[in-house]
Amino acid sequence: MTYASDQQQGGAALSATSQRMLALREQVFAEWENAMRATVGQAAGLRHLVLIDTLPVFYDNIAESLTPGYSRQSGGDGSTVAAEHGGERARVTSYDHAALIDEYQIFRRTILGVLHGAGVSLDHDERLAIDTTIDAGIKEAVNAFSVVHHGLRERFTAALTHDLRGPLQVTSVALDIILMSDDLVRIRAAAAKARASVRRMDGMVGELLDSMAFHGGQTLQLDLSRIDIRELVREVQLEAIGQHGLDLRLTPDTEAKPIYGWWDRKALWRALDNMITNASKYGDPCTPITIKIDAVHERLLLSVHNQGAPIPPGEQECIFQMYRRAEAARQGVKGGWGIGLPYVRAVAESHGGSVGIDSSNERGTTFVIDIPLDGRLFRDAPTLA
């Protein structure tokens with residue numbers, strides 16, 4: 001049986017080399033996956049099904065092309081499988097061009113290594129067919145990757161422009177009031193609104209710059225100080241309630257206990273604000289959003305919970321990636337520029353921790369930042385971005 005894109009089910013018409021290559025498929029992919037996770041950082045945390053992607057079809061197409069006289073002259077002949085692979089890498093992973101090219105080069109080395117180890121001797125034409133197919137596959141995958149990334153960046157830019165327009169309009173109206181009014185109370189109120197909107201835009205731009213740096217392989221530049229996370233949480237809660245009228249509650253144990261640690265206050269403030277914004281945008285508006293903090297084994301657990309439709313398992317990784325948003329955001333009216341949760345991950349990982357998701361119809365959705373109490377020990381920790 002083959003998985004080739006021409007739906008040929010049997011191997012009787014294939015050469016002995018082609019059949020041996022098909023028989024070694026699982027060994028090739030097992031060794032390739034191990035090599036990828038060990039050497040390509042962007043692949044280390046991918047689920048098996050995401051990492052494998054369309055490559056089994058591509059592999060079997062190569063195997064067919066090794067048979068003299070077969071209708072497939074090369075593994076990529078008449079097939080878009082490599083292009084689809086490149087497009088998927090752009091949409092659902094944090095790959096860059098270098099990672100995509102490395103992936104195919106490791107694939108080539110693994111195929112040749114396994115065939116050699118199994119005593120399969122390739123003649124000149126068979127080796128040329130493998131090399132030609134993989135080289136062409138790299139070109140097609142990279143081209144598709146670039147096209148998809150360009151489209152994602154255009155969508156991202158449009159969404160960012162839309163989100164900035166709101167606070168810009170508020171600022172503009174407030175400034176008009178200041179210019180036209182003689183009422184000092186009204187002028188002060190307008191000035192406060194303008195200042196809040198400017199700060200909001202500054203925060204959005206700051207998150208963008210930090211997230212772009214983080215996803216370019218840099219950790220955030222943290223300004224660590226000793227703070228009580230409970231006080232920070234209360235500040236964020238009061239501002240969210242005052243500005244947006246949210247039903248935002250702290251769990252009883254969160255209200256009761258101070259938890260001190262060494263963190264970047266501004267970064268954690270913005271990360272928590274982003275989690276609350278996400279919960280208000282996608283949660284059930286008739287139920288409260290809750291914040292919980294715990295300290296366990298020298299670590300901080302900071303979580304935000306909302307009821308509402310769960311995040312599908314297939315989207316739980318992509319929502320943390322730059323330029324991508326979950327399908328509900330792309331198709332619905334609940335817009336946004338998609339930088340908030342990637343920024344949350346950047347903050348968590350730059351503190352030496354992580355951010356996780358628990359989501360189901362029964363339990364609702366909870367985002368959990370899990371970081372050390374003393375961020376000074378891990379400020380230079382490597383990340384997978």
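The model is predicted, so local features need pLDDT of at least 70 and side-chain atom pairs pLDDT 80 or more, while totals for chains, interfaces and linings use all residues. Residues are numbered from 1 along each chain as its sequence is written, and side-chain values use heavy atoms, without hydrogens and water.

The protein has 13 helices and seven strands, taken as DSSP runs (H or I of at least four residues for helices, E of at least two for strands) and numbered from the N terminus. Of its 385 residues, 47% count as buried, which means under 20% relative accessible area, with exposed over 50% and partly exposed in between (1.4 Å probe, protein chains only).

Let's go inside. The largest nonpolar core holds 42 residues, and W32, F58, Y95, Y104, F107 and I111 touch the most other members. Such a core joins buried Ala, Val, Leu, Ile, Met, Phe, Trp, Tyr and Cys residues through side-chain atoms within 4.5 Å. Helix 6 gives the largest share, nine residues.

Now, which residues form a salt bridge with R108? One is D131, with the closest N and O atoms 2.9 Å apart; another is D135, at 2.7 Å. The rule is a side-chain nitrogen of Lys or Arg within 4 Å of a carboxyl oxygen of Asp or Glu. R108 is buried at 11% relative accessibility, whereas D135 is partly exposed at 42%. Together with R127, these residues are linked in a network: R108, R127, D131 and D135.
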